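Please look over the sequence and the model below. The paragraphs that follow go through them piece by piece.

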Protein chains: 2
Amino acid sequence: MVLRLIISILLVSTTVTFAQAPPPGQPAPSNAPNAQYPRINPDNTVTFRIRADDAMSVRITTLGPYDLVKGEDGFWTVTTKPLAPGFYYYAVNVDGFTTTDPGSQAFFGYNRYGSAVEVPGSESDFFAPKDVPHGSVRQVWYFSKSTGAGGAWRRVFVYTPPGYEANGNTRYPVLYLQHGAGENETSWMNQGHANFILDNAIAVGKIKPMIIVNENGLPPPGEFGRGAAPAAGRGRGGALIGNRFAEFEAVVSNDLVPFIDRTFRTIPSRDQRALAGLSMGGAQTMRIGLDHTELFGSLGLFSPAIGNLDPAADYDGKLADAAAINKSVTLLWIGIGREDSLYAGVKASHENLEKAGIRHVWWETDGAHVWTVWRKYLLDFGSQLFR
Amino acid sequence: MVLRLIISILLVSTTVTFAQAPPPGQPAPSNAPNAQYPRINPDNTVTFRIRADDAMSVRITTLGPYDLVKGEDGFWTVTTKPLAPGFYYYAVNVDGFTTTDPGSQAFFGYNRYGSAVEVPGSESDFFAPKDVPHGSVRQVWYFSKSTGAGGAWRRVFVYTPPGYEANGNTRYPVLYLQHGAGENETSWMNQGHANFILDNAIAVGKIKPMIIVNENGLPPPGEFGRGAAPAAGRGRGGALIGNRFAEFEAVVSNDLVPFIDRTFRTIPSRDQRALAGLSMGGAQTMRIGLDHTELFGSLGLFSPAIGNLDPAADYDGKLADAAAINKSVTLLWIGIGREDSLYAGVKASHENLEKAGIRHVWWETDGAHVWTVWRKYLLDFGSQLFR
């Protein structure tokens, strides 16, 4: 056999070798392919293990912080306290350099590609890839005239439900679903597993088959702080108080919705079109949804950045007439966790809406300002949509 | 206005602030959103800039190496020599910790998520996102009975050409296009920009509209080295000499091709179906293509890991009858760069094929074993397909 496959030049593996049996536990489902660490132990502690031969200090931040200790084999390790099942962003800091863990997949959050560890549990079942029919997740490009001065091509992620490709005639309702500040159009699929949530819920009839669209809702610099430039060093998203999200609103209403309706087999009516988002995306949903009741019949606010809402005065008085709003908004869904730093403000908004007689679903749950709760909110909100 | 948008908790930006005017040059197109570094200077040098307050040494590796120098502002910087336009993987090493640059997008290569810098030039035009109709890139899940012991769900990336969504009846030929060792099903789109190459070439009639499918061709451990386990510490891909890629061949022929044909609007015939790949993917293409001439009419070998081919003896004698092969393989395309470490072996394979009278296209180019050449190979191979 003279055939020679000389491709070892491309083969550099970060896989860790074990002299004997592998340690207990399992690699996190959020790991890069073949990476053994971070590792979930049977007691739900997480062990991190990183090679940094000459470092003086290695620390896990964002999660923790946890200081790693150098072993005789040159690897730095630490084991956390037991963690509740859920999704945790983290960073690695080596001698003052804040970066990613090569063992983790890359997730866009905090305005950068970063690491995360998924601690699985019984509550992970609803977003796990299972033996059910799967939809597909498209990256789609469209030209948006409303972006910037001369327009621009933009990328959206589009989930189509199982059977969409093969069923040439069926039309579907559409949920426009937005990320939080510092994240982007990839986040609901990569961090949120929105596609698997839908696949599993559709398989048991809990959610109706629908299309999901994720755009990049990060406001451009001119939109920050009522038109002022962002504070130095804060990037796109520095000062959002009172923001109208004007450019994104124009993108959604003028460009995105018409593009989706002419490209996919949608049911192009307000009753079959919803808008939802988390955190900043929740604030955008309320602003854009109230401005465009002709487009969106249902609104979902997941841990929304909307505190101490005054229905009489805010949103240019669009909430002042409760009877009109109750007629034009079929479903207004608001969810927040009690450990969320936004909890008090959002709860006050809920109470003010209630006093004003504005009908809405109020979902107060355990949990903080994290993906672990937003996945559950999608499941509940989604199950109430388009009924 | 009592509306309060208290979302600064989610806002951590890595954007660098400049006291006055920004430095010359431009952020690399491969950067993470808003990241100012790495920066391409007018003379095609690249400046890296990284914050690592307490580090003793910071070095760029894979590319270079280049040692960074700490400035008074606490940032470490270095400027490279001028680089030819192209795509360069790199890593950052801080005090012995090899990791990514937060300024770069994350690319799966070398069996890990890593950094890369794209140096643009006049030759970048054919894969740049331009003002032409765009196709879409799907993530699709299908159940493969031929994977492992009991089968498994697998993810593929599928490019559909512009107009696919709206044109309900048109059917298209299919190119199955494979990555190299250490990469995966994401690489042809993320690193290779195969979708933009097709969009641009289809727009000017250089390539016929077609579907592209990218699978994960990394062989499982049992498939290495004629059935032996991989060498310790080398991971999936450690010892490929003489490998039959048996499991992947079964996945492609039994599961993937039938799934694609029943899910997408394909033209399900060998004349309208091609298989191609780079490096390891080129070796897989030759093996699987010769075993399944009933499925694939055209084969593309991009810098293939096939050295000193003996047509009389290799591939179980499937190349021994030149007349039969010339009849069953419509297009056999082989490309390699003169700076590629595989060059001598692949050139010998070409010469041996020529001596044996086996018809093929031979494309000898500048360049090494890098994405910069594989994008060009896709453009040329693609333009000859399905004519």
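Chain A has seven helices and 19 strands; helices (H or I, at least four residues) and strands (E, at least two) are DSSP runs, numbered from the N terminus. This is a predicted model, in which local features need pLDDT of at least 70, side-chain atom pairs count only at pLDDT 80 or more, and totals for chains, interfaces and linings use all residues. Residues are numbered from 1 along each chain as its sequence is written, chains are lettered from A and ligands numbered from 1 in the order in which they are written, and side-chain values use heavy atoms, with hydrogens and water left out.

Of the 387 residues in chain A, 60% are buried. Buried means under 20% relative accessible area, exposed over 50%, and partly exposed in between (1.4 Å probe, protein chains only). Among the contacts in chain A with a separation of 6 or more, 69% are made by residues 24 or more positions apart; contact means heavy atoms within 4.5 Å.

Strand E3 (residues 46-51) of chain A is a place to begin. Five of its six residues are buried, so E3(A) is largely enclosed by the rest of the structure. Strands of a sheet pair through backbone hydrogen bonds, either parallel or antiparallel. Two strands are said to pair here if DSSP finds at least two bridges between them. Strand E2 (residues 39-40) of chain A pairs with E3(A) in the antiparallel sense over two bridges, and A:Arg39 has A:Thr47 as its bridge partner in E3(A). The two strands E2(A) and E3(A) form a hairpin with five residues between them, and A:Asn44 in the turn has a positive phi of about 70°. E3(A) is also joined by five bridges to strand E7 (residues 75-79) of chain A, and these two run antiparallel. In E7(A), A:Thr79 is the bridge partner of A:Thr47.

In chain B, five strands form an open sheet with antiparallel pairing, in the order E1-E2-E3-E7-E6. Its edge strands, E1 (26-27) and E6 (69-70) of chain B, each pair on one side only. Within this chain, strand E2 (residues 39-40) and strand E3 (residues 46-51) pair over two antiparallel bridges, and B:Val46 in E3(B) is the bridge partner of B:Ile40.

Now turn to the helices. Which residues of H7(A) are buried? Among them are A:Trp371, A:Trp374, A:Tyr377 and A:Phe381. Helix H7 (residues 371-384) of chain A has 14 residues and reaches 20 Å from its first C-alpha to its last, close to the 20 Å expected at 1.5 Å a residue; the expected span is 1.5 Å times one less than the number of residues. Since 12 of the 14 residues are buried, H7(A) is largely enclosed by the rest of the structure. Just after H7(A), A:Phe386 takes a positive phi of about 60°.

Helix H4 (residues 280-291) of chain B has 12 residues and spans 17 Å from its first C-alpha to its last, close to the 16 Å expected at 1.5 Å a residue. In H4(B), 12 of the 12 residues are buried, so this helix is largely enclosed by the rest of the structure. The buried residues of H4(B) pack against several elements of chain B, including helix H3 (246-263), strand E16 (273-278) and helix H5 (322-328).
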